[in-house]
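Look over the sequence and the model first.

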Amino acid sequence: MNVRVFTVVVMIRPRAASSLTYRRQDDSLYAQKRPIYLPNQGFHLNRSQQLFERAQRTIPGGVNSPVRAFRAVGGTPPFIARAQGALLWDADGRRYIDLVGSWGPMIVGHAHPAVLRAMQEAAENGLSFGAPTEAEVEFAESIVNLVPSIEQLRLVSSGTEAAMSAVRLARGATGRDLVVKFEGCYHGHADGMLVKAGSGALTLGHPSSAGVPADVIRNTLVLDYNDCQQVQDAFRQHGPKIAGVIVEPVAGNMNLVRGSAEFLGRLRQECTRHGALLVFDEVMSGFRVALGGAQQLTGVAADIVVLGKVIGGGMPLAAFGARAELMRHIAPLGAVYQAGTLSGNPIAVACGLATLRLIREPGFYERLALRTRNLVEALAQAASARSIRFSADSVGSMFGMYFASSVPTSYREVMQCDRERFNRFFHLMLERGVYLAPSAYEAGFVSSAHDDAIIAQIVAAAGEAFDALT
Ligand SMILES: *Cc1c(COP(=O)(O)O)cnc(C)c1O
């Protein structure tokens with residue numbers, strides 16, 4: 001279908017005499033709002049399809065982050081024009097219930113008035129100074145108050161940066177090189193972390209990236225998630241050389257997989273015994289599974305905590321923190337270098353602060369977790385009523401859906417889920433106005449704007465989608 005659409009676009013695209021006329025002609029083509037009708041197919045080339053064609057000429061795959069391209073599920077990604085609360089509207093004016101939430105940050109829903117107001121007020125005072133501000137201090141104090149194990153933190157602009165810096169800190173503080181990670185966990189796209197990684201790397205079938213020198217990943221030990229024996233063996237063999245273990249305590253980049261209490265407890269125990277540092281990558285689970293993140297939920301304390309997504313409320317903001325004694329290794333106090341032109345950006349910090357204020361309201365997490373639980377239970381029930389092999393799980397307001405008879409506890413079990421079935425379900429839901437992450441290997445997110453009526457609409461759509469699957 002796409003191939004034929006592409007042909008049509010090429011045919012009406014003029015051969016460019018100069019780049020200037022080319023561009024002007026192009027704009028007029030894409031500026032037309034009315035869908036193009038293809039009589040032989042009865043098919044409308046809608047605005048998202050036009051934009052996707054256009055995007056692919058200047059942006060690799062048409063997207064600025066790979067999973068957005070819908071490669072795993074096929075079809076054209078809706079180009080988003082605006083969002084409000086639990087809803088998104090695409091460039092064609094189609095409305096969707098959003099269960100992606102910008103991949104995690106939008107926990108209070110889109111365009112929350114209190115958040116927008118805080119950002120507008122901050123913007124009036126200037127966009128970036130590259131100098132310290134009072135708001136950063138207030139933000140750091142809030143995080144220290146809310147997240148266990150953090151006495152000091154450094155703000156950065158992405159989860160990738162935060163995880164990369166946390167690993168550097170672990171190495172710098174211990175004077176050791178080896179880092180343990182787990183297959184299917186994603187810690188951003190820094191070289192040493194792109195080995196058997198999750199999220200987009202997993203979705204596109206390249207969990208280990210080209211362009212990463214073998215010398216770099218020689219220092220990354222990759223083990224199976226939730227496998228205590230492997231952890232014990234790795235420490236027995238390499239203990240004195242291991243700087244740290246980095247883990248998603250609730251894995252959300254290979255669909256949703258809970259880290260077992262035994263597994264996380266074992267990590268804590270082995271790290272302590274061998275003088276290694278335990279790094280919890282809570283970029284996704286932080287302020288998502290509970291106000292204090294997975295540490296609060298599991299009772300296991302990390303040495304270094306990595307945060308992102310929710311703390312920025314939709315703006316580029318992430319952080320890594322630890323006890324003061326460890327953070328003293330960071331420049332300018334110590335020899336571990338770390339810096340950023342836009343780190344602690346005032347607009348991002350204002351957005352983060354306003355979001356933190358909303359999520360600290362009493363009962364916020366209890367309500368959100370209950371609604372998410374209701375959603376996954378209703379989905380499982382709807383599938384079971386139709387004898388569809390399906391299960392679902394949630395931790396706080398994070399959820400996983402699996403076309404499998406039980407909830408997976410390992411990477412291997414996630415890989416055994418029926419991906420083809422998910423892909424069909426995904427499109428059936430999209431047609432019914434429910435926007436799921438376009439991959440069987442991503443978690444979903446519910447926001448405080450997803451009220452009972454919205455949840456009921458999702459469940460009704462899923463019922464129809466399940467019917468269509470059988
Ligand atoms: C999203 C994510 C990252 C990377 O964050 P970016 O802001 O996309 O760079 C790192 N770790 C985990 C656990 C994540 O979910």
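Helices (H or I, at least four residues) and strands (E, at least two) are DSSP runs, numbered from the N terminus. The model is a predicted one: local features need pLDDT of at least 70, side-chain atom pairs count only at pLDDT 80 or more, and totals for chains, interfaces and linings use all residues. Residues are numbered from 1 along each chain as its sequence is written, and side-chain values use heavy atoms, with hydrogens and water left out.

The chain holds 17 helices and 18 strands. Of its 470 residues, 53% are buried; buried means under 20% relative accessible area, exposed over 50%, and partly exposed in between, with a 1.4 Å probe and protein chains only. A contact means heavy atoms within 4.5 Å. Among contacts in the chain between residues at least 6 apart in sequence, 70% join residues at least 24 apart.

Strands of a sheet pair through backbone hydrogen bonds, either parallel or antiparallel. Two strands count as paired here if DSSP finds at least two bridges between them. An open sheet is formed by 3 strands in the order 15-16-18, with antiparallel pairing. Strand 15 (391-395) and strand 18 (444-445) are at the edges with a single partner strand each, so one side of each has no neighbour in the sheet. Strand 16 (residues 398-402) is joined to strand 18 by 2 bridges, and the two run antiparallel. Within strand 18, Gly 444 is the bridge partner of Phe 399. Helix 14 (residues 364-385) lies across strand 15 and strand 16 and runs at about 175° to strand 15. For such angles, axes are lines fitted to C-alpha atoms, for helices over the stretch in contact, and the angles run from 0 to 180 degrees between N-to-C directions.

Parallel pairing is found around strand 9. In strand 9 (residues 242-247), 6 of the 6 residues are buried, so this strand is largely enclosed by the rest of the structure. Strand 7 (residues 178-182) pairs with strand 9 in the parallel sense over 3 bridges, and Leu 178 has Ile 242 of strand 9 as its bridge partner. Strand 9 also pairs with strand 12 (residues 277-281), in the parallel sense and over 4 bridges. There, the bridge partner of Gly 244 is Leu 277 in strand 12.

Which residues touch the most other members of the largest nonpolar core? A nonpolar core is a set of buried Ala, Val, Leu, Ile, Met, Phe, Trp, Tyr and Cys residues joined through side-chain atoms within 4.5 Å. In the largest one, with 104 residues, they are Ile 143, Phe 182, Phe 287, Phe 425 and Phe 466. Helix 13 (residues 346-359) gives this core its largest share, 10 residues. At least three residues of the core come from each of domain 1 (36-110 + 363-469) and domain 2 (113-359); the domain bounds come from an automatic or database domain assignment. Leaving out residues up to four places away in sequence, Ile 143 touches Ile 150, Leu 153, Phe 287, Leu 307, Ile 311 and Leu 356. A second, separate core has 22 residues, including Leu 169, Leu 277, Val 279 and Val 336.

Aromatic rings come next. Rings of Phe, Tyr and Trp (its six-membered ring) pair if their centres lie within 6.5 Å; planes under 30 degrees apart count as stacked, over 60 as edge-to-face and the rest as tilted. By this rule there are 13 aromatic pairs. One of them, Phe 390 with Phe 466, is edge-to-face, at 5.2 Å centre to centre with 70° between the planes. This pair links distant parts of the chain, 76 residues apart: Phe 390 is in the loop between helix 14 and strand 15, and Phe 466 is in helix 17 (residues 452-469). Both residues, Phe 390 and Phe 466, are buried. Ring pairs link Phe 390, Phe 403, Phe 425 and Phe 466 into a cluster.

Some single residues remain. Asn 423 is in helix 16 (residues 419-431) and counts as buried, at 8% relative accessibility. Apart from neighbours within four places in sequence, Asn 423 is in contact with Ala 72 and Val 73. Ala 331 and Pro 332 are joined by a cis peptide bond with omega about 10°, and Pro 332 is in the loop between helix 12 (324-327) and helix 13.
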